[in-house]
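Here is a short report on selected features of one structure. Look over the sequence and the model before reading on.

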Amino acid sequence: MLAIVAAFVATTGLVGASGSLSTAAAATPTGFTTPAPIEMTRTHLVDGKEDPVDTRNVTLKVDVTKDLYDQQRIAVSWAGAHPSGHVSLNPNASQAYTAEYPMVLLQCRDVPGSNGVINTANPEVDPTTCWSPSTGSRTQLNVATFDDTVKPPAFVDTLPAWRLDRYADPADRVQYAHEPASTSPLCPDSADNPAEYRLPFVAADGTKYYGSGIGATNTACGPQPPEAAAQADGSVSNLPDNSTFATTNADGTGSALFSVRNSHSNASLGCSVTVACSMVAIPIMGISCDGGAGLPAADLPKPTDDDPWYGDVDPTRLQDAERICENTGIYAPGSQFGNSSVASYAVEGALWWSASNWRNRIVVPLTFAPAADVCQNTKQSLAVYGSELLAAATASWSAHFCADSATRPFTHVQQPEPQARRTLAANDPKQVGSVEAAFTSYAPDTPYSRATVQAPVAATGFAISYTIDDSSKSPYTSLRLTPRLLAKLMTESYPSLVEATDTSSNGWSYQFPGTKQVSTALRRNPLNITKDPEFIALNPGIPDSVDSAAASTLISLGTNSDVVRALTAYINADPEARAWLDGRPDPWGMVVNPAYEGISLPVDAWPLDDTWTPSVRAGGACRALDPQPAYLPLVSSPLQHLTDVAQALVYSWPSSQVGCGEVDGTSGQQVFRYTREPIQIPGRRFLIGLTSLSEAEHDQLHLAALQSQSTQNPEAIFSNSTGRTFVEPSSTSLAAAAHLLTYDSATMTWPTNYSAMRTSKAGATAYPGFMLVYADIPTTDLPSGDGAAYATLLDYLVGAGQIVGVSFGDLPAGFLPMTAANGLGAEAVYTLRAAAAVRQQTGQVPPLVQGAAAQQPRSVAQEITPPPSLPQTVVAAQAPVGNTVVGPSVPSSSPSTPAPQLSVKPAALESKGKTSSSATAMVMVLLIVLLGLLLLGPLGVPLMIGIQRSRSGR
């Protein structure tokens with residue numbers, strides 16, 4: 001795997017076969033590694049003597065632990081742990097804690113030590129501050145412990161394993177431990193349960209929650225934390241819990257991606273830049289038993305004890321309990337959880353909090369980046385609206401500006417870019433609270449009415465991310481997609497539903513508007529993409545026994561977005577895809593959904609035009625609804641934000657709304673509606689979605705390689721990728737795309753050059769998802785002081801803000817630094833010139849500098865306030881660690897950014913340009929003349945004079 005900019009810093013990585021982006025753990029200075037194996041034991045106390053039954057030497061690694069953002073996934077790996085059995089395929093599932101010997105990963109809030117101070121180097125943690133809201137992992141009620149060696153199984157309800165824990169405090173071993181004060185007739189539950197243990201969750205504000213549980217089934221002793229996501233029916237809220245009960249393989253190794261949370265998504269846990277937290281890894285070893293030697297005398301069983309749970313007196317209860325406590329497990333390593341199967345309780349993940357397991361914990365300190373609102377109410381903040389692509393970068397940059405007392409902080413208000421452009425154009429600059437700046441990736445459809453620069457500030461792009469399992473139920477890591485396959489997914493051209501391919505009159509049919517012509521074309525289309533011969537030829541080894549709805553669509557955005565525009569521009573530029581959209585069948589006969597035939601691209605917002613409805617005669621409560629909603633729009637069900645799409649891929653949660661759920665009705669009436677499909681089970685996952693590169697890095701998602709070129713006959717059937725070039729996102733492939741950019745003087749932007757990608761030699765290594773992000777800022781009429789503040793922001797963003805790293809103010813992974821070496825020297829220099837114009841507020845939109853000066857930020861005109869230095873060279877990469885595959889290098893013959901002609905200001909801006917002072921105009925003339933002399937030698941002066949006369953005479 002590759003950190004997209006890892007070649008520029010010590011956290012170097014390389015392109016992996018999956019194309020996913022991540023920071024190489026071994027090279028990052030912000031990770032965690034146990035300095036030496038840690039010895040962990042399970043030792044019983046038998047007749048007063050130590051009886052060690054299991055010893056493990058465990059090591060743990062975490063790839064990144066500092067400056068973390070909300071829901072960032074960190075890679076955790078370990079070795080030497082006890083192999084797991086009875087495992088859940090989903091380690092975050094509500095029943096995953098029933099695994100035997102799992103590696104438990106939890107996020108916990110640090111607590112002060114004995115001196116009242118939190119030791120950030122060696123923090124103290126307490127189980128009550130660890131986030132694990134599932135009932136079975138915090139509250140032990142009516143515990144029934146089984147031993148499959150006894151027929152019938154032996155029940156030891158009043159003496160579960162946690163009561164025989166030799167390391168537990170006496171208060172933790174009583175029959176009813178840590179019961180809260182009674183809040184209802186059902187709390188405490190001692191009247192109904194033989195033994196209980198409650199581990200409350202203590203929130204950051206001090207609230208103690210005893211009702212941690214599933215849905216409303218465990219709230220008699222008080223409410224559960226508001227962020228508890230698990231529901232009684234197994235569904236989840238918007239954010240599944242991050243408590244992880246991961247599997248250790250038979251060789252003692254294992255790995256997991258752990259999603260950290262800050263106070264934004266989990267205020268009860270409360271982790272932030274000021275509230276210290278840790279990740280705690282607990283390799284479950286099992287209860288170290290003492291045969292009841294530490295039990296309070298009153299709780300010891302007696303031969304005369306009247307035990308309602310067993311009826312007759314059983315004098316051997318204590319011996320049975322001890323034997324069952326000492327159980328080493330029932331299931332073989334790797335065995336899977338079954339709904340009717342019961343694990344050996346003494347070695348379950350449910351007892352992670354027990355003294356025997358907790359003593360073996362490994363505490364990994366975490367630090368968090370400031371939240372988005374960290375600067376609120378401190379200074380008057382600049383607000384920049386727009387691009388979600390920049391979310392990770394602006395989180396880092398804004399933290400730097402917030403901490404620097406000499407600068408004005410800025411806030412990135414994320415919203416669709418087309419909306420941001422329209423709002424910027426429509427706002428009255430003299431009105432308080434007006435929109436003054438926007439982050440976008442395209443020029444406005446209508447030129448801004450006042451002089452406004454579009455200054456490049458970031459190079460990144462979109463990604464087609466995926467969560468797919470292959471035929472061996474392992475993650476698939478080499479997905480290839482053509483523009484035509486993406487077009488098929490977006491145009492609702494896979495029927496998804498078997499009924500849609502029915503040849504009866506109830507099957508799929510369309511009546512074209514204004515005619516009586518009926519099409520049944522989709523009946524001949526593959527049911528979903530896994531059955532499409534084109535997809536199969538490029539992606540062997542993916543089974544077709546998947547959720548058909550999820551495999552029939554691309555999880556995309558339901559809002560207008562420059563990302564959608566870039567994706568549809570890429571599709572539109574491909575001859576195969578364009579011909580197919582215009583009605584030409586693919587080589588196997590698949591046709592476009594008639595509702596989309598001839599669609600004009602690119603578009604900012606993708607329409608959902610299909611109107612077919614299933615037959616109401618079909619089975620199922622929701623299928624009996626009348627009238628039926630259009631079906632394929634339910635399959636598509638786009639989401640509102642790129643982060644929502646990434647989250648769906650992280651949790652394998654389809655966006656399709658073709659599930660069926662009951663909602664509350666009146667008078668006891670059952671009411672059903674279409675609902676979001678449930679989370680997919682690992683081993684049978686299939687999801688493809690549109691994300692940003694930075695979000696993909698943030699969540700360590702797998703990324704598809706996109707077709708850049710093809711030499712194949714577009715009408716020929718093919719069985720493999722021969723003759724087709726597919727490019728994964730990487731620092732080299734983004735740089736290759738950047739080298740192909742050409743300046744468009746009409747829009748004063750650098751659009752992605754899809755034509756050059758498709759036809760040139762250099763384009764073969766260029767990533768098609770490349771996108772620039774601009775800062776659109778007026779150079780006139782800004783309130784006093786704002787122009788200088790925005791200029792300072794631009795100077796930083798294109799200077800120190802392009803230095804890759806993981807500290808506040810650095811450029812995070814998922815972005816390509818804007819350097820001359822990466823083909824972005826002209827863009828960087830232009831932004832510095834734009835900053836000068838924004839600072840001066842004289843209505844100037846500066847032209848593009850030509851030639852060598854475009855590659856030298858320090859050679860820009862003298863009117864520019866000296867900015868932070870701009871990195872020009874690539875730091876040598878460290879040696880790769882582990883098995884890696886190097887991505888395509890930028891050919892040495894790749895052209896640098898072409899030197900375009902001096903730009904011409906749009907007509908709408910010309911009047912503003914004429915209002916500049918004569919002194920400024922004279923400076924510009926002199927600068928142009930000097931540049932001409934430097935670049936063109938003896939011919940420079942007459943040529944420059946001619947250009948200037950031409951400009952003056954218009």
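## Helix H1

Buried means under 20% relative accessible area. The model discussed here is predicted. In helix H1 (residues 317-325), the buried residues are Arg 317, Leu 318, Ala 321, Glu 322, Ile 324 and Cys 325. Viewed down the H1 axis, they fall within an arc of 165 degrees, so they line one face of the helix. Strand S2 (38-46) is included in what covers them.

## Disulfides

The structure has four disulfides. One of them joins Cys 289 to Cys 325, S to S 1.9 Å. Its torsion about the S-S bond is about -90 degrees, so this disulfide is left-handed. Cys 289 lies in the loop between strand S14 (277-283) and H1, and Cys 325 in helix H1, so the pair ties together parts that are 36 residues apart in sequence. Both Cys 289 and Cys 325 are buried.

Another disulfide links Cys 108 and Cys 130, S to S 2.0 Å. The torsion about the S-S bond of Cys 108 and Cys 130 is about 100 degrees, so the disulfide is right-handed. Cys 108 is buried at 0% relative accessibility. Cys 130 is buried too, at 0%. Cys 622 and Cys 660 also form a disulfide, with sulfur atoms 2.0 Å apart. That link is right-handed, with 90 degrees about the S-S bond. Cys 622 is buried at 2% relative accessibility, whereas Cys 660 is partly exposed at 42%.

## Aromatic rings

A search of the whole structure gives twelve aromatic pairs. In one of them, Phe 401 and Tyr 796 have ring centres 5.2 Å apart and planes at 90 degrees, so the pair is edge-to-face. Phe 401 lies in helix H3 (residues 391-403) and Tyr 796 in helix H14 (residues 786-797), so the pair ties together parts that are 395 residues apart in sequence. Phe 401 is buried, with a relative accessible area of 3%. Tyr 796 is buried at 10% relative accessibility.

Ring pairs also link Trp 162, Tyr 197 and Trp 353 into a cluster. The charged end of Arg 676 is over the ring of Trp 653, 3.9 Å from its centre. The charged end of Arg 724 is over the ring of Phe 718, 4.2 Å from its centre.

## A three-strand sheet

Three strands form an open sheet in the order S20-S27-S28, with mixed pairing. Strand S20 (480-481) and strand S28 (724-727) are the edge strands, each pairing on one side only. S20 pairs with strand S27 (residues 705-710) in the parallel sense, over two bridges. Leu 481 has Leu 706 in S27 as its bridge partner.

Definitions and conventions
Residues numbered from 1 in each chain as written. Predicted model: local features only at pLDDT ≥ 70, side-chain atom pairs only at ≥ 80, totals over all residues. Heavy atoms only, no water. Pairing = 2+ DSSP bridges. Helix = DSSP H or I, 4+ residues; strand = E, 2+ residues; numbered from the N terminus. Phe/Tyr/Trp six-rings, centres within 6.5 Å; stacked < 30°, edge-to-face > 60°. Buried < 20%, exposed > 50% of the residue type's maximum accessible area, 1.4 Å probe, protein only. Lys NZ or Arg CZ within 6 Å of the ring centre and 35° of its normal. Arc of directions from axis to C-beta. Contact = heavy atoms within 4.5 Å. Disulfide = S-S within 2.5 Å.
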